[in-house]
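I opened this notebook to record what I looked up, one item at a time. The sequence and structure come before the entries.

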Amino acid sequence: MRRHVTQAYILTKYLRGEADSLCVVFTKDFGKLVLRAGGEHKITSKLRGGLEPLSLSTLEFVEVRTMRITDAVSSHRFPSIKRNLSRQRTARAIVELTDAMMREGEPDEKVWLLLEECFFRLSASISNSPLLYYYFLWKILLILGYALKVSSCVFCGLPIGGPAALDAENGGFRCSACCKNPDTLVPAEVFSAVRTFLNGTPGLLSQTSFHHKGLGEISEAYLSYVKEVVQ
Ligand SMILES: [Zn+2]
């Protein structure tokens with residue numbers, strides 16, 4: 001029987017039977033894991049409180065056929081995220097995307113640090129929290145190897161100064177002159193936001209008035225493309 005101790009973000013939790021749960025967590029040392037927690041709902045369970053979704057905990061688990069949690073101590077419950085609906089929605093979207101993109105048992109220090117950065121930004125004083133979700137989305141895709149070329153148009157090779165359109169098949173963006181369907185163009189400020197996210201600069205996150213409608217569309221479009229490629 002092997003015993004492990006690691007830090008983990010609790011992504012989601014499902015009930016199994018009367019008292020058991022299955023916890024999907026992202027750990028610092030083992031990546032994503034699905035762990036069984038027995039008797040968590042009993043009043044006397046020592047796991048109670050340490051397995052709350054959207055929290056950071058120290059977990060101890062053992063491997064005997066399945067992986068079973070033997071101890072869970074919460075280190076950050078992030079009350080300021082849970083009290084605010086918009087922040088809570090952003091945190092849920094972040095953990096859902098982590099769950100969807102990460103395979104079990106593959107540790108990734110960069111993803112761990114990105115989760116840490118986003119949870120702590122979200123619990124601090126960020127007012128434009130939906131923007132943080134798109135920051136997370138572009139950064140996790142970058143870490144997982146789905147970077148896009150942002151320095152110039154993938155068709156004509158000239159720098160893009162104005163609006164741009166996603167050209168995922170060619171690994172980047174087209175300028176407005178090379179874009180065949182003007183409906184797919186996003187405003188210059190949205191392209192510039194994606195560029196700053198992919199370049200790793202979070203400065204934009206402090207802009208409370210950033211209009212992100214086009215950013216949502218282009219981000220979801222690229223995410224769908226990546227998910228299709230992965231399957
Ligand atoms: Zn062009």
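**Entry 1: the whole protein**

I noted at the start that this is a predicted model. I counted the elements and found six helices and eight strands. I then read their order from the N terminus, which is β-β-β-β-β-α-α-α-α-β-β-β-α-α. For the extent, I took the C-alpha trace along its principal axes and got about 65 × 35 × 25 Å. The protein has 231 residues, and buried ones make up 31% of them. I also looked at contacts with a separation of 6 or more, and 53% of these come from residues 24 or more positions apart.

**Entry 2: domains**

I looked up the domain assignment, which gives domain 1 as 2–76 and domain 2 as 126–230. How many Å separate the centres of the two domains? I found 36 Å, with the centres taken over C-alpha atoms.

**Entry 3: L54**

I checked phi at L54 and found a positive value of about 65°, although L54 is not a glycine. I placed L54 in the loop between β3 (31–37) and β4 (56–64). Is L54 buried or exposed? I counted 22 other C-beta atoms within 10 Å of L54, and the cut-off for buried is 20 or more, so L54 is buried.

**Entry 4: F78**

I then turned to F78, where phi is near 50°, a positive value in a residue other than glycine. F78 sits in the loop between β5 (66–76) and α1 (79–82). F78 has 20 C-beta neighbours inside 10 Å, and therefore it counts as buried.

**Entry 5: helices α5 and α6**

I wrote down a reminder that two packed helices are described by the angle between their axes and the distance between the axes. I looked up both values for α5 (residues 188–198) and α6 (residues 213–230): the axes come within 9 Å and cross at roughly 55°. That angle makes α5 oblique to α6. I recorded the crossing of α5 and α6 as right-handed.

Which residues of α5 and α6 meet? I listed V190, A193 and V194 from α5, and G214, L215 and I218 from α6. I sorted the residues of this contact by type and got five nonpolar, one polar and no charged.

Notes:
Residues numbered from 1 in each chain as written. Predicted model: local features only at pLDDT ≥ 70, side-chain atom pairs only at ≥ 80, totals over all residues. Axes fitted to C-alpha atoms, helices over the stretch in contact; angles between N-to-C directions. Helix = DSSP H or I, 4+ residues; strand = E, 2+ residues; numbered from the N terminus. Parallel < 35°, antiparallel > 145°, perpendicular 65-115°, else oblique. Left-handed = near helix turned anticlockwise from the far one by under 90°. Contact = placed C-beta atoms within 7 Å. Nonpolar A, V, L, I, M, F, W, Y, C, P; charged D, E, K, R; others polar. Buried ≥ 20, exposed ≤ 12 C-beta atoms within 10 Å, placed from the backbone. Domains from an automatic or database assignment.
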